[in-house]
Amino acid sequence: MASPFDSLKKAAQAVVGAPHVFNAARDAGASASAAADVMAASAAAIQIASSATDGTPGLENAVRHFIWQAYIAGRHGSAVAEAVAAAHEEGRNTPHDTRIDLHNNAAGRAYGEASSATIGRGSLTDALKALVPVAQEKWASDELIWVKPH
């Protein structure tokens with residue numbers, strides 16, 4: 001079972017990676033304010049996925065990546081979302097986790113593109129929270145994936 005500090009640890013890791021995410025968003029054409037929104041979404045998705053899931057193995061990570069990418073694609077476009085996702089995965093030596101993240105990121109981007117009018121409304125937090133039930137439905141239908149750790 002996850003410790004109470006796991007969510008805090010993930011949020012801290014997001015802050016440490018924030019300049020990388022910000023620069024990737026800017027390089028993909030996002031304005032400075034849009035890149036800042038992308039950074040905020042990265043941190044908020046960690047917290048929201050953690051509070052919206054029940055400890056089912058892989059679910060929190062799948063929800064986090066889905067809502068994060070759906071939000072960014074819906075508000076800032078798929079090119080920005082894909083660049084940020086690539087920057088997030090860059091340099092990782094976890095091929096199974098990376099494969100899962102890439103799959104779930106792509107599902108989020110596709111949903112975000114198709115639902116940009118809806119995702120574009122409301123606050124960042126409200127938009128991410130509204131994406132959680134969609135992610136949970138996609139998890140239940142095996143559209144989002146995970147690989148059991150060895």
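1. Let me start with a pair of helices: H4 passes H8 in a right-handed crossing. (A crossing is right-handed if the near helix is turned clockwise from the far one by less than a right angle, and left-handed if anticlockwise.) The two helices pack at an angle of about 125 degrees, and their axes are 8 Å apart. That angle makes H4 oblique to H8. For the wording: angles under 35 degrees count as roughly parallel, over 145 as roughly antiparallel, 65 to 115 as roughly perpendicular, and the rest as oblique. Axes are lines fitted to C-alpha atoms, for helices over the stretch in contact, and angles run from 0 to 180 degrees between N-to-C directions.

2. Before going further, a word on the source. This is a predicted model, in which local features need pLDDT of at least 70 and side-chain atom pairs count only at pLDDT 80 or more, while totals for chains, interfaces and linings use all residues. Residues are numbered from 1 along each chain as its sequence is written, and side-chain values use heavy atoms, with hydrogens and water left out.

3. Which residues make the contact of H4 with H8? On the H4 side they include Leu59, Val63, Phe66, Trp68 and Tyr71, and on the H8 side Leu124, Leu128, Leu131, Val132 and Trp139 are among them. Contact here means heavy atoms within 4.5 Å. The residues of this contact divide into 16 nonpolar, 1 polar and 2 charged. (Ala, Val, Leu, Ile, Met, Phe, Trp, Tyr, Cys and Pro count as nonpolar, Asp, Glu, Lys and Arg as charged, and the others, Gly among them, as polar.)

4. Now for the overall picture. The protein chain has 8 helices and 0 strands, so its elements run α-α-α-α-α-α-α-α from the N terminus on. Helices (H or I, at least four residues) and strands (E, at least two) are DSSP runs, numbered from the N terminus. Buried residues make up 43% of the 150 residues in the chain. Buried means under 20% relative accessible area, exposed over 50%, and partly exposed in between (1.4 Å probe, protein chains only). Among contacts between residues at least 6 apart in sequence, 70% join residues at least 24 apart.

5. H8 has another partner to look at. Helix H3 (residues 32-52) packs with helix H8 (residues 124-140) at an angle of about 50 degrees, their axes 10 Å apart. H3 is therefore oblique to H8, and their crossing is right-handed. From H3, Asp37, Ala40, Ala41, Ala44, Ala45, Ile48 and Ala52 meet Leu124, Thr125, Leu128, Lys129, Val132 and Gln136 of H8. By class, the residues in this contact divide into 9 nonpolar, 2 polar and 2 charged.

6. While you are in H3, find Ala34, which belongs to that helix. Ala34 has a relative accessible area of 12% and is buried. Ala34 and Phe22 are 12 residues apart in sequence and 9.0 Å apart in space, C-alpha to C-alpha.

7. How do H5 and H6 pack? Helix H5 (residues 78-89) and helix H6 (residues 95-114) lie at an angle of about 165 degrees, with axes 10 Å apart. That makes H5 roughly antiparallel to H6. Ser78, Ala81, Glu82, Ala85 and Glu89 of H5 make the contact with Thr98, Asp101, Leu102, Asn105, Arg109 and Glu113 of H6. The residues here divide into 3 nonpolar, 3 polar and 5 charged. Ser78 counts as buried at 17% relative accessibility, and Ser78 touches Ala73, Arg109 and Glu113, not counting residues up to four places away in sequence.

8. The structure holds 1 aromatic pair. The ring centres of Phe66 and Tyr111 are 5.8 Å apart and the planes are at 45 degrees, so the pair is tilted. (Rings of Phe, Tyr and Trp, its six-membered ring, pair if their centres lie within 6.5 Å; planes under 30 degrees apart count as stacked, over 60 as edge-to-face and the rest as tilted.) Phe66 lies in helix H4 (residues 59-76) and Tyr111 in helix H6, so the pair ties together parts 45 residues apart in sequence. Phe66 is buried at 0% relative accessibility, whereas Tyr111 is partly exposed at 26%.

9. Phi of Asp142 is near 65 degrees, a positive value in a residue other than glycine. Most residues other than glycine have a negative phi. Asp142 is exposed, with a relative accessible area of 62%.
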